[in-house]
Amino acid sequence: MKQQEMDRLVDSLLIYMPMFYKKLTTAKETDITKSSYKKRTADQYQILGLLEHYNHLPISEIGKRLLLSRPNMTAHLDKLVSEGMVERIPDETDRRVINIGITQNGLDYIKVSRTWVKNNIKETLNVLNNEELVELEHCIETIKSKILMIEGCHHGTIKK
């Protein structure tokens, strides 16, 4: 790929991926958005979702995967711990490492909120016709495979 094309690709990723994510996850005004139940940042929701998949991970690995700085990770985790969504678990083999595990409360939250989030995204995507939705799905699968390739090169594989 030529340098000019690579620059355009990087610019598009920097501009449009966050815009795409924000557009899909911006809450519509509903009863759940007005309630105290939904008071989570996108980062907190992503932490819970990651932990739902892996059950527990070292703090540093969560930060790497979600591109969160150490101070941001600490603030989010303190909030999630205080609300009983996650717990700190000392590593059995290395006392310097602290793992974060999701609690049943966190799993329950993800289960209920995922329904809300999915409905919100479906409503947002209603402006696209069936052909456009199929095309979007194909594009996202392509992006997903590329992200997993990049992640494999940079992070190695984490076992469940």
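## Basis of the description

The model is predicted, so local features are given where pLDDT is at least 70 and side-chain atom pairs where pLDDT is 80 or more, while totals for chains, interfaces and linings use all residues. Residues are numbered from 1 along each chain as its sequence is written, and side-chain values rest on heavy atoms, with hydrogens and water left out.

## Overall architecture

The protein chain contains 7 helices and 3 strands, where helices (H or I, at least four residues) and strands (E, at least two) are DSSP runs numbered from the N terminus. Read from the N terminus on, these elements follow the order α-α-α-β-α-α-β-β-α-α.

Of the 160 residues in the protein chain, 22% are buried; here buried means under 20% relative accessible area, exposed means over 50%, and partly exposed lies in between, with a 1.4 Å probe and protein chains only. The protein chain exposes about 11,800 Å², of which carbon and sulfur atoms supply 57%, with accessible areas taken from the Shrake-Rupley method with a 1.4 Å probe and, for residues, only the protein chains shown counted as cover. When contacts (heavy atoms within 4.5 Å) between residues at least 6 apart in sequence are considered, 59% of them join residues at least 24 apart.

## The sheet

The 3 strands form an open sheet in the order E1-E3-E2, and the pairing is antiparallel; two strands are taken to pair if DSSP finds at least two bridges between them. E1 and strand E2 (86-90) are the edge strands, each of which pairs on one side only. Neighbouring strands of the sheet are turned by 30 degrees against each other on average, direction ignored.

E2 and E3 are joined in the antiparallel sense over 5 bridges, whereas 3 bridges join E1 to E3, again antiparallel. Gly101 in E3 is the bridge partner of Glu87, and Gly101 is also the bridge partner of His56. Because 4 of the 5 residues of E3 are buried, this strand is largely enclosed by the rest of the structure. H5 lies across E2 and E3 and runs at about 110 degrees to E2, where axes are lines fitted to C-alpha atoms, for helices over the stretch in contact, and angles run from 0 to 180 degrees between N-to-C directions.

## The nonpolar core

The largest nonpolar core has 21 residues, and those with the most contacts inside it are Ile47, Leu48, Leu51, Ile62 and Val86. Such a core is a set of buried Ala, Val, Leu, Ile, Met, Phe, Trp, Tyr and Cys residues joined through side-chain atoms within 4.5 Å. Helix H3 (42-54), helix H4 (59-66), helix H5 (70-82), strand E3 (98-102) and helix H6 (104-125) each give two or more residues to this core, and the largest share, 6 residues, comes from H3.

Leaving aside its neighbours within four places in sequence, Leu48 is in contact with Arg40, Leu80, Met85, Val86, Ile102, Gly106, Tyr109 and Ile110.

## Packing of H1 against H6

The axes of helix H1 (residues 3-25) and H6 come within 8 Å and cross at roughly 110 degrees. H1 and H6 are therefore roughly perpendicular to each other, a term that covers angles of 65 to 115 degrees, with those under 35 counted as roughly parallel, those over 145 as roughly antiparallel and the rest as oblique. In this pair, Lys23, Leu24 and Thr25 in H1 meet Asn120, Ile121, Thr124 and Leu125 in H6.

Glu123 is placed in helix H6 and is partly exposed, with a relative accessible area of 45%. The C-alpha atoms of Glu123 and Leu24 are separated by 9.2 Å, although these residues lie 99 residues apart along the chain.

## Loop residues with positive phi

Asn55 lies in the loop between H3 and strand E1 (56-58), and its phi is near 75 degrees, a positive value in a residue other than glycine. At 45% relative accessibility, Asn55 counts as partly exposed.

Leu67, in the loop between H4 and H5, has a positive phi of about 55 degrees although it is not a glycine. Leu67 is exposed, with a relative accessible area of 76%.
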